[in-house]
Amino acid sequence: MSCSIVPRSIAKEVSDAARRRLRYNNILINNSGQNTVTINERIEQQLNEFSILLYMKGTPDFPQCGFSAQVVNALKACRKRFAYVNILEEPELRQGLKDYSEWPTFPQLYVNGELVGGSDIATQMHESGELQKLLEEVG
């Protein structure tokens, strides 16, 4: 697989105010103790906000597993801006994603709100040129 180095700005971390909230049983609690949003609602908000979203272990600059690094390299080679969420920082989100997607492993790549797959699928798609074509369709 060929991989190009691209500017750091190609990856954008999902900054979510919910990180500053307390979390309890897959329901996020705000500072006043009121329920705000479930994990599934939060996932759907992120998927609606970002056309290309990678749930990964670590960050694009410091992936914490080889599989996450492979998908980051494939995305960078396609030269499309993407958002990411470091699931290691949020155990509730990590479990919630497994339930939401019915996909047990990470990373998980979503394009236009649809699960593309994990490392093997994303890598194969990159090598065949399918990933580039899919990402070019993203607005």
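The legends below accompany close-up views of a predicted model of one protein chain.

**View 1. Overall arrangement of the protein chain, which holds 5 helices and 8 strands.** Read from the N terminus, the elements of the predicted chain follow the order β-β-β-β-α-β-α-β-α-β-β-α-α. The chain has 139 residues, and 44% of these count as buried.

**View 2. Helix H1, residues 39-49, with its buried face.** The buried residues of H1 are Ile39, Arg42, Ile43, Gln46 and Leu47. When the helix is viewed down its axis, these buried residues fall within an arc of 135 degrees, so they line one face of H1. An α-helix has 3.6 residues a turn, so residues three or four places apart point the same way. Asn48 and Glu49, by contrast, lie on the other side of H1, where they are exposed.

**View 3. The salt bridge between the side chains of Glu90 and Arg42.** Side chains of opposite charge can pair when their charged atoms come close. In this model the count comes to 1 salt bridge, and it is formed by Glu90 and Arg42 with an N to O distance of 2.5 Å. Glu90 belongs to the loop between S6 and H3, whereas Arg42 belongs to helix H1, so the pair ties together parts that are 48 residues apart in sequence. Both partners are buried: Glu90 has a relative accessible area of 2%, and Arg42 has a relative accessibility of 1%.

**View 4. Strand S6 and its parallel pairing with strand S5.** S5, which covers residues 52-56, runs parallel to S6 and is joined to it by 4 bridges. At one of the paired positions, Met56 has Asn86 of S6 as its bridge partner. Between the two strands the chain passes through H2, and this β-α-β crossover from S5 to S6 is right-handed. Within S6, Phe82, Tyr84 and Asn86 point one way while Ala83 and Val85 point the other way, and all of them are buried. Since 5 of the 5 residues of S6 are buried, the strand is largely enclosed by the rest of the structure.

View 5. Most residues other than glycine have a negative phi, and most peptide bonds are trans. Arg79 is exposed, with a relative accessible area of 51%. With a relative accessibility of 47%, Asn112 counts as partly exposed.

**View 6. The cis peptide bond that leads from Phe106 to Pro107.** The omega angle of this bond is near 10 degrees in the predicted model. Pro107 is found in the loop between helix H3, residues 91-101, and strand S7, residues 108-111.

Technical notes:
Residues are numbered from 1 along each chain as its sequence is written. This is a predicted model: local features need pLDDT of at least 70, side-chain atom pairs count only at pLDDT 80 or more; totals for chains, interfaces and linings use all residues. Side-chain values use heavy atoms; hydrogens and water are left out. Buried means under 20% relative accessible area, exposed over 50%, partly exposed in between (1.4 Å probe, protein chains only). The arc is that of the directions from the helix axis to the C-beta atoms. Two strands pair if DSSP finds at least two bridges between them. A crossover is right-handed if, with the strands pointing away from the viewer, the path from the first strand over the helix to the second runs clockwise. A salt bridge is a side-chain nitrogen of Lys or Arg within 4 Å of a carboxyl oxygen of Asp or Glu.
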